[in-house]
Amino acid sequence: MLATAIICLAAGTVVMLAWYLFFLRFNRRKAVEVVRRIEAALAGKGQVLGVRWLSASLFQVRLRLRTSVFQRPLLTVQLAPREMPLKWLARCWDERQDVLTFESDLDFPPGFELIVQNHRWVGRTSQKYSADPKQWRIQRTTPAIITSRRDWQPELTMMVNALLSSRERPFLTLCFRRSSPQFVATVPLQSISSGAADSPNVFDALRELATGASRSRL
């Protein structure tokens with residue numbers, strides 16, 4: 001009985017180790033692809049300086065950008081933790097996707113603090129409605145802003161207008177603050193374009209928003 005338990009334990013250890021090493025290598029190959037997409041999306045307006053792994057599924061990419069708006073830019077890429085089966089299953093259950101977080105200081109710190117979270121909900125009011133989205137009748141509403149501020153700075157109006165003009169950009173979160181890092185944005189990893197001329201470029205959208213926040217101090 002003891003020998004059987006030892007054999008099962010050893011076999012399980014070997015399987016888990018093989019699983020970990022396989023997906024560790026998988027994430028390394030995926031990271032190479034991600035870095036290539038980042039370089040293509042930069043479209044000659046910057047370059048990748050290096051990659052630093054923080055864990056088996058989390059790494060940082062140091063950048064050098066030609067624009068003077070961003071100071072010490074850094075990208076953090078969170079891949080699905082495939083090397084850890086339980087964490088991976090939990091992530092799949094929550095339908096969380098791979099994300100990229102861009103953070104940087106600005107040439108001029110913003111004169112305000114703003115955190116924007118992009119939430120989308122889809123619901124059905126009755127079982128009689130079709131589950132096919134093509135059969136739905138959609139009505140667009142005007143944007144709503146919920147704030148805890150008692151006063152509303154003019155700079156915030158400018159930034160909200162800039163965000164609305166970039167509403168098709170797949171930002172998950174945006175953060176402007178006076179302390180470092182002064183600008184933080186998180187987007188789905190799949191939103192990083194291949195650099196094609198007709199594809200939206202998330203880095204251009206980030207630069208436009210950061211420029212608007214920086215100019216608010218002028």
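How many aromatic pairs does the structure hold? The structure holds eight aromatic pairs, where rings of Phe, Tyr and Trp (its six-membered ring) pair if their centres lie within 6.5 Å, and planes under 30 degrees apart count as stacked, over 60 as edge-to-face and the rest as tilted. This is a predicted model, in which local features need pLDDT of at least 70 and side-chain atom pairs count only at pLDDT 80 or more, while totals for chains, interfaces and linings use all residues. Residues are numbered from 1 along each chain as its sequence is written, and side-chain values use heavy atoms, with hydrogens and water left out.

One of the pairs joins Trp53 and Phe59, which is tilted, with 4.8 Å centre to centre and 45 degrees between the planes. The rings of Phe70 and Phe102 have their centres 4.8 Å apart and their planes at 70 degrees, so this pair is edge-to-face. Phe70 lies in strand E3 (residues 70-78) and Phe102 in strand E4 (residues 99-106), so the pair ties together parts that are 32 residues apart in sequence. Strands (E, at least two residues) and helices (H or I, at least four) are DSSP runs, numbered from the N terminus.

The table gives relative accessible areas for the paired residues. Buried means under 20% relative accessible area, exposed over 50%, and partly exposed in between (1.4 Å probe, protein chains only).

| Residue | Relative accessible area | Class |
|---|---|---|
| Trp53 | 26% | partly exposed |
| Phe59 | 0% | buried |
| Phe70 | 7% | buried |
| Phe102 | 1% | buried |

Trp53 also has a charged neighbour: Arg28 lies over the face of Trp53, at 3.8 Å from the ring centre. A charge sits over a ring if NZ of Lys or CZ of Arg is within 6 Å of the ring centre and within 35 degrees of the ring normal. Elsewhere, one aromatic cluster is formed by Trp19, Phe22, Phe23 and Phe26.

**Backbone features**

Ala43 is not a glycine, yet has a positive phi of about 50 degrees. Ala43 is found in the loop between helix H1 (2-42) and strand E1 (46-55), and counts as partly exposed at 47% relative accessibility. Arg72, likewise not a glycine, has a positive phi of about 55 degrees. Arg72 lies in strand E3 and is exposed, with a relative accessible area of 63%.

Ser180 and Pro181 are joined by a cis peptide bond, with omega about -5 degrees. Pro181 is placed in the loop between strand E6 (173-176) and strand E7 (183-188).
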